[in-house]
Amino acid sequence: MTPVEALERVVHCLDRAHETGFKTKAFVRALDVVRSTPTHEIEERAANNTLKELDGIGDSSARLIKEALKGDTSYLDKIDRETRVPITPDGQVFRDALKGDCHLHSTWSDGGATIEAMANTAKALGHEYIVLTDHSARLTIAHGLDRDRLLQQLEVIAALNAQLAPFRILTGMEVDILEDGSLDLDDDLLARLDVVVASVHSKLRMDRFLMTPRMVRAVESPHVDILGHCTGRLIGKRPQSEFDADRVFAACAANNTAVEFNSRPERLDPPEELIAKAIEHGCWFSIDSDAHATGQLEWQPHGCNRAAASGVPLERVINTMDAHDLIAWTAG
Ligand SMILES: [Zn+2]
Ligand SMILES: [Zn+2]
């Protein structure tokens, strides 16, 4: 393993542990430094114990680099052990059944890793496919894709698929649900995508008498396959949106729109009381990472633990299907 690979792995591990503080920033900085320094200089400095003279290399990163050059993985193994995402035995049954991940981002919108890096990591995690769901144009803060950039992305995905087969990158988008419940993408493109996730990202606090029809209209669209993070809550930071969950989930069930288990630790949507309602209505579900970095692809256990604990029927989870069946399901 090269020093760059070792540092990349550490950043991945800290990401999956949702560590966003000083330690992570220090390793990201060290990774930048090592990437932009000639290999022979890194090797010489490791041999002379002068790595720390490089601005951005501290005790921990210096140790990791030296060990990587010697083929020693002790420090890396320690970080690996300490950052594993906890999973319950029941959650593991769900995780083992998942064949893909239907909601994740790349550097094309606000993700931190390339499409290829996300695909390779998902493959290493045992998945057969991912659905790439970068943001739609309205979310300018996340560099959402307009029509032209989405068309470019579809070409890039086709080329990557030729290279990564049998692993598959399915086409998709996390499309904004606009204020009136219409969608932030033209119908012809919505129809062309394999999987469409629709999410509310704006006016999250609108009155429930407006939010309910807004969400219902979106999930009724024949193009929408998954309702993303339905309440929009950010735990400890933003309350959940107010809507008539019975009406929204009834519409999801009637229109074969899956309710997403969003596995991001700060979201964990839907909240428990709403999971029970969605099950009662006979909804489909999708257990997704909503990853914005490779390490976050390891977050699905959070959703699996919750789905299993709430008694979600495993056969109602759409990403237990293989890619072929999933595309038939979304097209149906
Ligand atoms: Zn979102
Ligand atoms: Zn997302």
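Reader: Ala, Val, Leu, Ile, Met, Phe, Trp, Tyr, Cys and Pro count as nonpolar, Asp, Glu, Lys and Arg as charged, and the others, Gly among them, as polar. On that basis, how does the lining of the second largest pocket divide by class?

Author: Five nonpolar residues, one polar and four charged. A word on the basis. This is a predicted model, in which local features need pLDDT of at least 70 and side-chain atom pairs count only at pLDDT 80 or more, while totals for chains, interfaces and linings use all residues. Residues are numbered from 1 along each chain as written, chains are lettered from A and ligands numbered from 1 in written order, and side-chain values use heavy atoms, without hydrogens or water.

Reader: What counts as a pocket here?

Author: A 1 Å grid is laid over the protein atoms alone; a pocket is an open set of points with protein on both sides within 12 Å along at least five of seven lines. A cavity is a set where a 1.4 Å probe fits but cannot get out. Lining residues have an atom within 4 Å of a point.

Reader: Which residues line the second largest pocket?

Author: Arg16, Arg84, Val85, Ile87, Gln92, Arg95, Leu125, Leu297, Glu298 and Pro301. Its volume is about 190 Å³. Volume here is the space filled by probe spheres set on the points, with points joined across faces, edges and corners.

Reader: And what volume does the largest pocket have?

Author: About 810 Å³. It is lined by 38 residues, and Asp15, Gly112, His292, Ala293 and Thr294 are the closest to its centre. By class, the lining has 12 nonpolar, 13 polar and 13 charged residues.

Reader: Which elements give two or more residues to that lining?

Author: α1 (3-16), α2 (22-35) and α7 (115-124). The most comes from α1, with six residues. Helices are DSSP runs of H or I with at least four residues, strands are runs of E with at least two, and numbering starts at the N terminus.

Reader: Where does Met118 sit, and is it buried or exposed?

Author: Methionine 118 is in helix α7. It counts as buried because its relative accessibility is 0%. Buried means under 20% relative accessible area, exposed over 50%, and partly exposed in between, with a 1.4 Å probe and protein chains only.

Reader: What does Met118 touch?

Author: Beyond its neighbours within four places in sequence, Leu104, His105, Ala113, Ile130, Ala291, Ala293, Thr294 and Leu297. Contact means heavy atoms within 4.5 Å. Ala293 and Thr294 are also among the residues closest to the centre of the largest pocket.

Reader: Switching to α2. How exposed is Arg29?

Author: Arginine 29 lies in helix α2 and is partly exposed, at 38% relative accessible area. Setting aside residues within four places in sequence, it contacts Asp55 and Gly56.

Reader: What about Ser109: buried or exposed?

Author: Serine 109 is buried, at 4% relative accessibility. It is in the loop between β1 (100-104) and α7. Its contacts outside four places in sequence are Asp134, His135, Ala142, His143 and Leu145. Its C-alpha is 5.3 Å from that of glycine 144, 35 residues apart along the chain.

Reader: Helix packing next. At what angle do α6 and α13 pack?

Author: About 115°, for α6 (residues 89-97) and α13 (residues 300-309), with axes 8 Å apart. Axes are lines fitted to C-alpha atoms, for helices over the stretch in contact; angles run from 0 to 180 degrees between N-to-C directions.

Reader: What hand is the crossing?

Author: Right-handed. That is, the near helix is turned clockwise from the far one by less than a right angle; anticlockwise is left-handed.

Reader: Which residues make the contact?

Author: Asp90, Gly91, Phe94 and Arg95 from α6, and Gln300, Cys304, Asn305, Ala307 and Ala308 from α13. That gives four nonpolar, three polar and two charged residues. Arg95 also lines the second largest pocket.

Reader: What is phi at Asn49?

Author: Near 55°, positive in a residue other than glycine. Asparagine 49 lies in the loop between α3 (39-48) and α4 (59-70). It is exposed, with a relative accessible area of 58%. Lysine 203, not a glycine, has a positive phi of about 45°. Its place is the loop between β4 (195-199) and α10 (208-220).
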